[in-house]
Amino acid sequence: MDRMPKWADVLLIPLINLLIAFALSGLVILAIGKDPVVALQTMVQGSFGSTNGIGYTLYYTTNFIFTGLAVAIAFHARLFNIGGEGQAALGGLGVALVCLSIQWPHWLIALPAAMVGGAVFGAAWAFIPAYLQAKRGSHIVITTIMFNFIAAALMGYLLVEVIKAPGSMASETSPFPPGASLPTFHEMLAPLGIEFNRNTPANVSFLVALACLVFFWALVWRTRLGYEIRAFGQSESAAIYAGINPVKITVIAMLISGAFAGLMAINNVMGEAERLILNSVEGAGFIGIAVALMGRSHPVGILLAALLFGFLYQGGAELSLWENIPRELVIVIQALVILLTGALDGMVRGPVEKLFAKRKPA
Amino acid sequence: MDFLTIIQILDSTMRLATPLLLACLAGLFSERAGIFDIGLEGKMLAAAFLSAAVAAATGSVWLGFLAGVGASISLALIHGLASITFRGDQLISGVAINFLAAGLTVIVGQSWFGLGGRTPSLAGDARFNPLEWPLAETLADIPVAGPLYAELISGHSILVYVALLAVPTSWYILFRTRFGLRLRAVGENPGAVDTAGISVVRLRFTAVIICGLLCGIAGAYLATGLAAGFVKDMTAGRGFIALAALIFAKWRPWHALYACLLFGFLEAIGNRYQSIELAGFILPVQFMQALPYILTVVILAGFVGKAIPPRAGGAPYVKER
């Protein structure tokens, strides 16, 4: 049945895709008259060469784990949630409202409350597209795209007109109270005697993201709900025949998806900015698509893919700083990864399958 | 609100509806042939950049136009390769194309012009300038009809008229020619088309190329007609509004015109007024920006007439062996 060994499917193909994406990006760098090798060195040095760089890399990684999980859980139910961007923006609103509601005595109390706030708001923003898909058959891809734009308009309105800090020029809320300030890697590692740069935004949310990866694995492969989601994703008609309610599974999968996206806000809003600003998500919702595709919707893959994109993001910032290559290069790499792993999968898979078939005649 | 203001808003509606209309018709051809395309935005963006870049370099807007259309068709071919030849996911391919265009336009633009992703401003022959219709000056003084003629009908760039002409042309091609019948059939039931001995792959590729062509014109208009040069991310979601208009129009050319005029009108109003007071309520400008998307969700939800996409849309065709 299987035309090639499992390791080739989960490791070899993504690696080949990644190599092609990097090779093409290298050509882009050559085409604009820069040296791809120097560019790669700058990126590696900038993202892993110092605790400052590592801090930023892990900060971005944290964002991408959350949005990657959001896209992945929907993929398991064969739903394509492009709305992570909007759901994460609304999650930011939830986190901000929680953080600004009272003078939090300690972050250990504020964090769970903020997580609930972010998850609930993110899930709520995913609910309407989910419900419309399940009940009215409106295509979830289109509705989630529309909801991204509606979210952008809504957040713009709220930040300019409603929750803007009084007397502030910028469209942002007041800073969160000190009790809602999350410990950074510097504060967490200092008691252990490890010196970590104090200016990086990496914070305790990274550990929450890792916990979410484990939670995701347990949910999808070790619970009845996860089984139902996967069964629904594999074959809707078979799932219905087995007594699985398609409306319920669609809505629940999207609620979990929106909640993961919303949770991202504990990192970028609560952990880094410590107030809600305009356009706080900065495209992380879309990177989740690339992360989930590359990570094959599996937690280990998502962690690795999120790390890769964290590296690309931080490395890309260094590139624009030192090499005068715009950080949009990362968007090109992201596009190539999505194209190759998501849409042009057959292009690589076909020849590789043939190769294995030749070596091992069935 | 006086008469002249209304004319001005309608005039600006025409200009703003043009790129939407062209992109919407582009999506119409593609989706009617069963190829979903959420990469309209990226194709427009690439065309906008290259048309402005080549026009700036050569001083000829027509060379720029050709380059822009070429860029858009290249991206359309990538989409075709992914979704027709390799039977990949059409939605994912569209997402990738949007990012590809967003990234490449800035990188190449920075490398060529060093202006942070902008192209130099275009002037003279490097732009599509307004066409003055005969007697527009003379007739402008006639009350009502004069300004209507001089402002609203005359004085747009040629691509505005191209877009308007594209509506009956698209309708004719799709609903009155053999090619159109086959194209629609391939979006509903490709198996039947294949049985009739017609190549599904060739038909779908043709549709995708037409889509690229129209998106290219839309992008070229944005950078060389509506604006005078390219700026980073200048499509600003127009590809998605066009997609919304396509659903709003339920995949029909004339309705696409009405939908795009409506959305163009909303944008024109939003550009002109910061907020609008309507029956005691103050509508913020953000609401106007979000309205096309909200309307589309309502239409999609089927509360106001159901929007049913072409049946074979999004599914790659696998020939029987």
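Analyst: The bend at a residue is the angle between axes fitted to the seven residues ending there and the seven starting there. This is a predicted model, in which local features need pLDDT of at least 70 and side-chain atom pairs count only at pLDDT 80 or more, while totals for chains, interfaces and linings use all residues. Residues are numbered from 1 along each chain as its sequence is written, and chains are lettered from A and ligands numbered from 1 in the order in which they are written.

User: Where is the kink in α13(B)?

Analyst: At L291(B), shortly before the proline P292(B), with an angle of about 45°. Helices here are DSSP runs of H or I with at least four residues, strands are runs of E with at least two, and both are numbered from the N terminus.

User: What end-to-end span does α13(B) have?

Analyst: Its end C-alpha atoms are 24 Å apart, which agrees with the 22 Å that its 16 residues should span at 1.5 Å a residue. The expected span is 1.5 Å times one less than the number of residues.

User: Which residues of α13(B) are buried?

Analyst: Among them are Q286(B), M288(B), P292(B), Y293(B) and L300(B). Buried means that 20 or more other C-beta atoms lie within 10 Å of the residue's own; exposed means 12 or fewer, and partly exposed is in between, with C-beta atoms placed from the backbone.

User: What do they pack against?

Analyst: The buried residues of α13(B) pack against α5 (107–136) and α6 (140–162) of chain A, and also against α11, α12 and β2 (281–284) of chain B.

User: How many residues of chain B are in contact with chain A?

Analyst: 38 residues of chain B are in contact with 36 residues of chain A. A contact requires C-beta atoms, placed from the backbone, within 7 Å of each other.

User: Which helix gives the most to that side of chain B?

Analyst: α4(B), with 15 residues. The side that touches chain A divides into 24 nonpolar, twelve polar and two charged residues. Ala, Val, Leu, Ile, Met, Phe, Trp, Tyr, Cys and Pro count as nonpolar, Asp, Glu, Lys and Arg as charged, and the others, Gly among them, as polar.

User: Stepping back, what is the secondary structure of chain B?

Analyst: Chain B has 13 helices and two strands. Its radius of gyration is 20 Å, close to the 20 Å from the globule rule for 321 residues, so chain B is as compact as a globular protein of that length. That radius is taken over C-alpha atoms, and the rule is 2.2 Å times the number of residues to the power 0.38. Of the 321 residues, 53% count as buried.

User: Where is N271(B)?

Analyst: In helix α12 (residues 253–272) of chain B. N271(B) counts as partly exposed, with 13 C-beta neighbours inside 10 Å. Its C-alpha atom is separated by 9.5 Å from that of Q289(B), 18 residues apart along the chain.

Methods:
Contact = placed C-beta atoms within 7 Å.
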